[in-house]
Amino acid sequence: MIKKDVLIIGAGPTGIFCAHQLGIIGLSCEIVDNLDKAGGQCIELYPDKPIYDIPAVPECTGEELTTNLLQQIKPFNVKFHLNERVEELKKVETRWHVKTSGKQEFDVASIVIAGGVGSFEPRKFALKECEKFEGSSIFYSIKDKTVFKDKTISIFGGGDSALDWAIELSNTSKVNLIHRRDGFSGAESSVQKVKELNDKGKINLYTKYQIDSVSGENNIKSIKIKHDDGENKEFKTDYVLGFFGLIMQLGPILDWGLNISKKSIEVNTENFETNIDGIFAIGDICTYPGKLKLILSGFHEGALAARGCFKYAKPDEKLRFEFTTTSKAAQERLGVKK
Amino acid sequence: MTKINYITHDNQTHTIDVQNGLTVMEGAVQNDIPGIDADCGGGMACATCHVYVNEEWLDKLPTKEDGEEDMLDMAFEPKQNSRLSCQLTVSNELDGLVVNIPSKQV
Ligand SMILES: Cc1cc2nc3c(=O)[nH]c(=O)nc-3n(C[C@H](O)[C@H](O)[C@H](O)COP(=O)(O)OP(=O)(O)OC[C@H]3O[C@@H](n4cnc5c(N)ncnc54)[C@H](O)[C@@H]3O)c2cc1C
Ligand code: FES
């Protein structure tokens, strides 16, 4: 079990900056995130788009913001646990015990939830029957592509993932690519490549079709797709892949006994503590009168929540207000003391 | 004020006066119409404000901006009359608009 002062759930901009604020006041923390990299929405949804409203930074992209934030917390050597979702919180006397999907366990004095709109998960087929084939014949991400060799694969979607996998798998498998319209959101070069492969008969491209039904016992045997004008096609397939982007789901956060309203956690605005003592919520996931879902608000919330964590981590000490410009202790923690 | 008719999945019609300039999504969220999640708050980044627009209204709507169709690829059961309600700004021309809310957003 890892023992720290604070556990931060979510490595979006808010969670990362809160780690900085904790570091400055001398508290230790680690961060868990479900994604494979830090940065939250900025890195997952808009790495290349410019942001214009970060104070004192006239313009930076989602990726640059993330890189700079990570640079800023470097002195504190904060450990990130990526690809892990926080599943369970349990109060044990005055401490919290936290469990993740990767079976990691933490023992902390308080918890800061900076979970955004929840953890990112793949969007799935709307069709109910698809559920029972998930993990055996239907996949939303690919871990081991060798299982597809010499099989028939039906890929749904029109973004980069769908196009890239269709191109790649067409080398070793029979590939059907099905998309709901003629236009694609993936890179133009990939679209051209797919069309070429379709002309050569290496990929069967079906546009304006959507899934209609799947059939099979334990594994899928065939699927039916339906054209916009109502016409159906049925063909044999061994595997079905769906690439419809990511969706954010609150998931386990809903089960922790927190006051939730409209998918957000209610907090006070003094230190962003929730209805449960020792659990704080900051950034997009928290709500209070006047809440703005902006990165800048998340930074402010993180600064106050960090101070809120202090009394749980060091109940016998008093926290003094200090500036980083003049505080020797803060500069020592930052490793910049002359 | 412009009247917008939201038909929820249980076939109930909610007629709401929405201020011009707000979006059809905001009209739903502010009036607690169930079934519009709008996770990204109108940023065209989530497709959880998806609605089906009644045919007779399709031509009267503002045309789709770049990116809306891409986002709709990810919506729950998109159809030809699908739109993202955060991209529909309410104006006098839309008085009486009818939108159907899908059974789910994800
Ligand atoms: C297209 C777009 C453009 C934007 N432009 C701007 C802008 O110009 N200016 C601005 O200020 N804001 C902008 N925003 C909003 C801004 O990105 C968000 O306000 C910000 O990302 C919120 O940060 P956060 O850290 O609270 O949450 P997020 O960035 O959502 O990060 C939350 C993280 O928590 C993780 N998580 C959740 N639950 C769990 C769990 N149980 N276990 C493990 N991990 C979990 C998630 O995987 C995620 O990585 C934009 C958003 C979008 C989509
Ligand atoms: S609210 Fe997210 S796309 Fe409309």
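**Between the chains**

I began with salt bridges and found seven between chain A and chain B; the rule asks for a side-chain nitrogen of Lys or Arg within 4 Å of a carboxyl oxygen of Asp or Glu. One I looked up joins the side chains of Asp32(B) and Lys262(A), at 3.2 Å from N to O.

A note on ground rules before going on: this is a predicted model, local features need pLDDT of at least 70, side-chain atom pairs count only at pLDDT 80 or more, and totals for chains, interfaces and linings use all residues. Residues are numbered from 1 along each chain as its sequence is written, chains are lettered from A and ligands numbered from 1 in the order in which they are written, and side-chain values use heavy atoms, with hydrogens and water left out.

Next I checked the contact itself (heavy atoms within 4.5 Å). Chain A gives 19 residues to this contact and chain B gives 21 residues. The two chains bury about 1,600 Å² between them, with 46% of it on carbon and sulfur atoms; buried area is the accessible area (1.4 Å probe) that two parts lose on being put together, summed over both. On the chain A side, Arg123(A), Ala126(A) and Arg180(A) lose the most area to chain B, together 32% of what that side buries.

**Within chain A**

Lys145(A) and Glu168(A) form one of them, with the closest N and O atoms 2.5 Å apart. Lys145(A) sits in the loop between β10 (138–139) and β11 (152–156) and Glu168(A) in helix α4 (residues 160–169) of chain A, so this pair ties together parts that are 23 residues apart in sequence. Helices (H or I, at least four residues) and strands (E, at least two) are DSSP runs, numbered from the N terminus.

**Around ligand 1**

Where does ligand 1 lie? I find ligand 1 between chains A and B. Of the 31 residues around ligand 1 (a heavy atom within 4 Å), those that come nearest are Asp33(A), Gln41(A), Tyr46(A), Asp53(A) and Asp284(A).

I then noted some N and O distances. A polar side-chain atom of Tyr46(A) is 2.5 Å from an oxygen atom of ligand 1. Polar backbone atoms come up too: one of Val86(A) lies 2.9 Å from a nitrogen atom of the ligand, and one of Ile295(A) lies 2.9 Å from an oxygen atom of ligand 1. The protein covers 91% of the 1,000 Å² of accessible area (Shrake-Rupley, 1.4 Å probe) that ligand 1 has on its own.

Methods:
A polar contact is a pair of N or O atoms within 3.5 Å; within protein, one must be able to donate a hydrogen and the other to accept it, and residues adjacent in sequence count only if both atoms are side-chain atoms.
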